[in-house]
Amino acid sequence: MKCPFCNTEMLHGYLNCGTAIWSERKHIISTNPDSKEKYALHLEVPMMSPHQIESDCCPKCKKLIIDTSDYENNLG
Ligand SMILES: [Zn+2]
């Protein structure tokens, strides 16, 4: 896909990671969401290998694009 910011062809790959949460707020202690925050891409501690989040990276402006629709979230 083309980068929506600079129109460069993006690299397709994987965000290899452990526990993670994208949230409106900073998490200091744990990555568990509370009842008030909006969150996406909540990942528990992986059992074996890291989570592999299919995504695209722009080699020019270095932005990552992640489709979070298949992951745990409370965005509705
Ligand atoms: Zn770009």
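**The metal site**

The site of the zinc ion is tetrahedral, with angles of 102 to 123° among its four donor atoms. Before going further, please keep in mind that this is a predicted model.

Which residues hold the zinc ion? The SG atoms of Cys-3, Cys-6, Cys-58 and Cys-61 coordinate the zinc ion, at 2.3 to 2.4 Å. Along the sequence, the spacing of these donor residues reads C-x2-C-x51-C-x2-C.

Cys-6 has 26% relative accessibility, so Cys-6 counts as partly exposed.

**The chain as a whole**

Now let me step back to the fold. The protein chain has five strands and zero helices. Its pattern, read along the sequence, is β-β-β-β-β. Taken along the principal axes, the C-alpha atoms fill a box of roughly 40 × 30 × 25 Å.

The protein chain has 76 residues, and 24% of them count as buried. As for contacts with a separation of 6 or more, 56% come from residues 24 or more positions apart.

**Charged pairs**

Next, the charges. Side chains of opposite charge can pair when their charged atoms come close. How many salt bridges does the structure hold? The number is three.

One of them joins the side chains of Glu-9 and Lys-2, at 3.6 Å from N to O. Glu-9 is partly exposed, at a relative accessible area of 43%. Lys-2 is also partly exposed, with a value of 48%.

Arg-25 takes part in a salt bridge with Asp-34, where the N to O distance is 3.3 Å. Arg-25 also forms a salt bridge with Glu-37, and here the closest N and O atoms are 3.2 Å apart. Glu-37 and Arg-25 both lie in the loop between β2 (20–23) and β3 (39–43), so this pair ties together parts that are 12 residues apart in sequence. Taken together, Arg-25, Asp-34 and Glu-37 are linked in a network of salt bridges.

Glu-37 has 4% relative accessibility, and the cut-off for buried is under 20%, so Glu-37 counts as buried.

As for pairs of aromatic rings, the count comes to zero.

**A proline in the loop**

Back to the loop between β2 and β3, where Pro-33 lies. Pro-33 counts as partly exposed, at 26% relative accessibility. What does Pro-33 touch, leaving aside residues up to four places away in sequence? The answer is Ile-21, His-27, Tyr-39 and His-42. For a sense of distance, Pro-33 and Tyr-71 are 38 residues apart in sequence, while their C-alpha atoms are 14 Å apart in space.

**Two backbone angles**

Last, two residues with positive phi. Asn-7 is a residue other than glycine, yet its phi is near 70°. Asn-7 lies in the segment before β1, and at 55% relative accessibility Asn-7 counts as exposed.

The other residue is Lys-62, where phi is about 65°, a positive value although Lys-62 is not a glycine. Where is Lys-62 placed? Lys-62 is in the loop between β4 and β5. Lys-62 counts as exposed, with 60% relative accessibility.

Notes
Residues numbered from 1 in each chain as written. Predicted model: local features only at pLDDT ≥ 70, side-chain atom pairs only at ≥ 80, totals over all residues. Heavy atoms only, no water. Donors = N, O, S within 2.8 Å, 3.2 Å for Na, K, Ca; no water. Tetrahedral: all angles 85-135°; square planar, octahedral: opposite > 155°, others 65-115°. Buried < 20%, exposed > 50% of the residue type's maximum accessible area, 1.4 Å probe, protein only. Salt bridge = Lys/Arg side-chain N within 4 Å of Asp/Glu carboxyl O. Helix = DSSP H or I, 4+ residues; strand = E, 2+ residues; numbered from the N terminus. Phe/Tyr/Trp six-rings, centres within 6.5 Å; stacked < 30°, edge-to-face > 60°. Contact = heavy atoms within 4.5 Å.
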